[in-house]
Amino acid sequence: MILTLLSEGLNGSLSSAADSAASAAEAATQAASSGSSGSGGFSPMFWVIYIIGLILLFYFFAVRPNKKREQEKQAVKESIQLGDWVITSGGLYGKVVNIYTDEFMVEFGTNKSITIPIRKDDILGAKKPELTNKPVQEVVDEPKKKKKFGIF
């Protein structure tokens, strides 16, 4: 009698455990199917905002400063007048003797006979060279001391 009661109780608890496991599996399946449409837990709106944020960061750190620098260079080139000293992209200093639409006629040297047309894009800026006859200080190296021990 005790055995029959125990077996009936055991069969009843096993069936209720099986029912609860089945309902838990069904709930997990529904949660997994609804979560997979969210791209790994993030909503599609998150990714749109994320991409827009990256584009804005790229603009403010790369494009905008470069535009400002180009505008400043263009303003310097437009402000060059006749007689101004300029430096070219090759590192040569010269004096502007004539201005054309996209070129400067630049005089190089002190003999005033070397004039070369230079594109405005090749001018780095207006800068007067330092043409003084100051002697360059010579740096004298100390003699190297000989090693007392060793191969060299």
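This briefing walks through the main features of one protein model, topic by topic.

The model is predicted: local features need pLDDT of at least 70, side-chain atom pairs count only at pLDDT 80 or more, and totals for chains, interfaces and linings use all residues. Residues are numbered from 1 along each chain as its sequence is written, and side-chain values use heavy atoms, with hydrogens and water left out. The protein has two helices and five strands. (Helices, H or I with at least four residues, and strands, E with at least two, are DSSP runs numbered from the N terminus.)

**The overall picture**

- Of the 152 residues in the protein, 12% are buried. (Buried means under 20% relative accessible area, exposed means over 50%, and partly exposed is in between, using a 1.4 Å probe and protein chains only.)
- Take the contacts between residues at least 6 apart in sequence: 33% of them join residues at least 24 apart. (Contact means heavy atoms within 4.5 Å.)

**The sheet**

- Five strands form an open sheet in the order E4-E3-E2-E1-E5, with antiparallel pairing. (Two strands pair if DSSP finds at least two bridges between them.)
- Which strands are at the edges? They are strand E4 (114-119) and strand E5 (123-126), each of which pairs on one side only.
- From one strand to the next, the twist averages 45°. (Axes are lines fitted to C-alpha atoms, for helices over the stretch in contact, and angles run from 0 to 180 degrees between N-to-C directions.)
- Strand E1 (residues 85-88) pairs with E5 in the antiparallel sense over three bridges. Here Val86 stands opposite Ala126 in E5.

**Two residues around strand E1**

- Thr88 sits in strand E1. Is Thr88 buried or exposed? With a relative accessibility of 6%, Thr88 counts as buried.
- Not counting residues up to four places away in sequence, Thr88 touches Phe108, Ile118, Asp122, Ile123 and Leu124.
- Leu92 is in the loop between E1 and strand E2 (93-99). Apart from residues up to four places away in sequence, Leu92 touches Val86, Ile87 and Phe108.
- Leu92 and Pro129 are 37 residues apart in sequence, and their C-alpha atoms are 9.5 Å apart in space.

- The model has six aromatic pairs. (Rings of Phe, Tyr and Trp, the last with its six-membered ring, pair if their centres lie within 6.5 Å; planes under 30 degrees apart count as stacked, over 60 as edge-to-face and the rest as tilted.)
- Why is the pair of Phe46 and Trp47 called edge-to-face? Their ring centres are 5.1 Å apart and their planes are at 75°, so the pair gets that label.
- Trp47 and Tyr50 are also edge-to-face, because their planes are at 85°, with ring centres 5.8 Å apart.
- Trp47 and Tyr50 are three residues apart in helix H2 (residues 44-78), so about one helical turn separates them.
- Ring pairs link Phe42, Phe46, Trp47 and Tyr50 into a cluster.
- How accessible are these rings' residues? Phe46 is partly exposed at 34%, Trp47 is partly exposed at 34%, and Tyr50 is partly exposed at 42% relative accessibility.
- Tyr59 lies in helix H2 as well, and Tyr59 is partly exposed with a relative accessible area of 33%. Leaving aside neighbours within four places in sequence, Tyr59 is in contact with Arg64 and Pro65.

**Charged residues**

- The structure holds one salt bridge. (A salt bridge is a side-chain nitrogen of Lys or Arg within 4 Å of a carboxyl oxygen of Asp or Glu.)
- Which side chains meet in a salt bridge? They belong to Asp122 and Arg119, at 3.2 Å from N to O.
- Asp122 is partly exposed at 25% relative accessibility, and Arg119 is partly exposed with a relative accessible area of 47%.
- Lys120 is in the loop between E4 and E5. Lys120 is buried yet has no salt bridge, and the nearest side chain of opposite charge, Glu78, is 4.5 Å away. (Lys and Arg count as positive and Asp and Glu as negative; His and the chain ends are not counted.)
- Beyond its neighbours within four places in sequence, Lys120 has several contacts, including Lys77, Ile99, Tyr100 and Asp102.
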